[in-house]
Amino acid sequence: MKVVIVGGVAGGMSAATRLRRLDESADIVVFERGAHVSFANCGLPYYAGGVIEDRDELLLQTPDSLAARFRLDVRVRSEVAAIDPDARTVTVHDLATGDTYVESYDELVLSTGASPVVPPLPGVERALILRDVEDVDRLVRNMEAARSAVIVGAGFIGVELAENLRLRGLDVTVVELADQVLAPLDPEMASPVADRMREHGVRLELGAQLTGIGATTVDLADGRTAAADVVVMAIGVRPESALAKLAGAEIGERGGVVVDDRMRTSIPHVYAVGDAVEKRDAVGGGAAMIPLANPANRQGRLVADVIAGREVRGRPSRGTAIVGVFGLIVAATGWNEKRLRAEGRAHRVIHTHPQSHAGYYPGAEQMSIKLLVDPDTDAILGAQAVGGDGVDKRIDVIATAMAGGLTASDLADLELAYAPQFGSAKDPVNMLGYIADNLRTGATRTVQWHELDTLVAGGASLVDVRTADEFAVGAVPDAVNVPLDEIRDRVADLPAGQLIVHCQVGQRGHTAARLLEQLGRPAANLDGGYKTWDAGRRATASSAHPEGIIHA
């Protein structure tokens with residue numbers, strides 16, 4: 001059996017090496033358009049920033065090492081230009097020699113990946129991208145004499161680049177068309193990330209559109225300019241599906257190659273994996289583009305199993321992702337609230353702000369977690385977390401619970417490892433389960449930060465149950481301060497009608513709401529407390545008032 005794989009890195013090389021482990025007799029040929037077939041593309045921003053000092057650390061395997069260990073025929077700088085499904089051949093351009101030749105196959109795997117989006121703007125030829133080792137080499141060379149940089153796009157790559165270019169000592173401006181950084185997050189969860197970036201000297205221009213690139217500046221739609229010795233496009237990526245489309249494969253609405261749960265395209269004996277293909281979304285069930293390393297590696301292994309005759313099938317994806325931003329850890333899985341609203345899907349929201357481990361043990365850091373739940377089935381629809389140590393494991397636990405079909409209330413019963421330096425006896429994930437169960441059973445009612453103005457305008461009264469000292473530092477407008485420990489004695493003094501109580505993060509507010517209900521006063525708790533409301537307020541304010549730009 002002869003298997004040809006088009007494209008290396010995560011999907012292609014996982015397929016090639018897995019297939020060799022399953023079939024020593026297979027003839028396996030890998031074509032890679034670039035100069036490197038196996039490299040750590042997720043490490044590219046950190047090499048640009050000098051965190052990874054040795055460039056060779058990015059190069060995981062070479063054609064020679066793959067030939068020696070796996071007997072793979074790896075041909076770099078070889079671009080597959082066409083597929084003949086009837087003859088089962090591919091046409092290959094040798095980019096080093098200029099020669100063109102035809103290679104046969106029994107089974108063909110396409111792992112063509114995704115390419116950065118570069119809009120057709122005046123001067124865009126000066127902009128850099130970051131997809132492979134040659135790109136990062138070019139970026140490092142351009143930074144040698146640079147003092148300023150503009151990064152277009154505030155997604156995962158954009159914020160990673162912002163951090164790393166600041167480490168290189170550059171003045172960095174991030175231009176983002178949306179009104180927040182990190183689109184997978186909801187606004188109140190993204191607000192602390194924007195704060196952290198600004199604290200470290202990154203200038204954020206949110207809700208701003210780039211219109212052109214000059215010799216040393218960039219132009220925005222409102223007429224302002226920013227100094228830009230270096231410009232990097234990090235708007236996003238689109239699937240490289242042109243080769244599959246040319247061969248007649250079905251392409252989805254999002255531009256990705258359509259595959260079944262065994263990675264088969266609509267063309268017999270042709271498979272596709274990785275960033276070029278549409279995944280099945282685990283929350284909504286539809287097609288989704290999820291350009292992440294984990295699904296690409298998993299699909300590469302899966303397609304090798306299928307070709308080898310093993311009975312396996314792919315599973316849907318939740319898009320679990322994580323990024324570090326100046327010491328802040330940001331992670332998410334599943335859908336966010338923005339998407340749930342856009343789809344008109346009912347959902348329940350839970351915000352918490354727990355410590356990373358027992359508060360009495362030194363070094364505990366506060367994190368913010370948001371859980372999204374189906375109000376009818378109690379299914380977990382998504383989660384986001386922002387903070388320091390421990391954010392990664394909480395999102396991983398939630399993503400695993402989603403994969404296992406656990407409900408939000410089931411999180412309360414998870415037995416998670418505990419010692420004071422690692423967690424709490426009631427882990428933050430357990431606490432999410434307790435709150436979910438209270439909401440599911442009607443033991444408590446909550447309102448969201450973005451609902452507050454409407455509710456107060458409709459006659460509800462806001463009661464702040466924090467201490468007087470906390471209240472003096474900052475408070476929601478029109479709130480009445482009645483500390484939790486005084487509520488029993490002062491209940492008669494509270495405004496008539498519906499009460500909305502809140503504390504700093506939600507826990508004392510829950511206690512106050514339960515107490516008031518038992519004293520005959522209807523009360524709901526402001527979910528996530530003052531901290532969540534303040535983050536949402538600041539997110540709204542920052543999008544309405546973009547920063548001025550430093551001129552060259």
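This is a predicted model: local features need pLDDT of at least 70, side-chain atom pairs count only at pLDDT 80 or more; totals for chains, interfaces and linings use all residues.
Residues are numbered from 1 along each chain as its sequence is written, and side-chain values use heavy atoms, with hydrogens and water left out.

View 1. Helices (H or I, at least four residues) and strands (E, at least two) are DSSP runs, numbered from the N terminus.

**View 2. The buried residues of helix 11 and what covers them.** Buried means under 20% relative accessible area, exposed over 50%, and partly exposed in between (1.4 Å probe, protein chains only). In helix 11, Pro-428, Val-429, Asn-430, Leu-432, Gly-433, Ala-436 and Leu-439 are buried. Their cover includes strand 24 (348–352), strand 25 (368–373), helix 10 (391–403) and strand 27 (446–447), where contact means heavy atoms within 4.5 Å.

**View 3. The second largest pocket, with helix 11 in its lining.** On a 1 Å grid over the protein atoms alone, a pocket is an open set of points with protein on both sides within 12 Å along at least five of seven lines, a cavity is a set of points where a 1.4 Å probe fits but cannot get out, and lining residues have an atom within 4 Å of a point. Grid points are joined across faces, edges and corners, and a volume is the space filled by probe spheres set on the points. The second largest pocket holds about 700 Å³ of space. Its lining has 22 residues, of which Thr-352, Met-431, Ile-435, Val-505 and Gln-507 lie nearest its centre. Strand 24, helix 11 and helix 15 (507–518) are the elements that give two or more residues to this lining, and helix 11 gives the largest share, five residues. By class, the lining has six nonpolar, 14 polar and two charged residues; Ala, Val, Leu, Ile, Met, Phe, Trp, Tyr, Cys and Pro count as nonpolar, Asp, Glu, Lys and Arg as charged, and the others, Gly among them, as polar.

**View 4. The two cavities of 30 Å³ or more.** The largest cavity has a volume of about 40 Å³. Its lining consists of Leu-110, Thr-112, Glu-240, Leu-243, Ala-244, Val-257, Ala-272 and Ala-276, that is, six nonpolar, one polar and one charged residues. The second largest cavity has about 30 Å³ of space and is lined by Phe-156, Leu-182, Pro-184, Leu-185, Ala-321, Val-330, Ala-331 and Ala-332. Strand 23 (residues 328–334) gives the largest share of that lining, three residues. The lining has eight nonpolar residues, with no polar and no charged ones.

**View 5. Trp-335, in the loop between strand 23 and helix 9 (337–342).** Trp-335 counts as buried because its relative accessibility is 8%. The side chain of Trp-335 makes a polar contact of 2.9 Å with the side chain of Asp-281. Not counting residues up to four places away in sequence, Trp-335 also touches others, including Val-283, Leu-340, Leu-372 and Leu-381.

**View 6. Asp-186, in the loop between strand 12 (171–176) and helix 6 (187–199).** Asp-186 is buried, with a relative accessible area of 1%. A polar atom of its side chain lies 2.9 Å from the backbone nitrogen of Glu-337, and one lies 3.0 Å from the backbone nitrogen of Lys-338.

Notes: A polar contact is a pair of N or O atoms within 3.5 Å; within protein, one must be able to donate a hydrogen and the other to accept it, and residues adjacent in sequence count only if both atoms are side-chain atoms.
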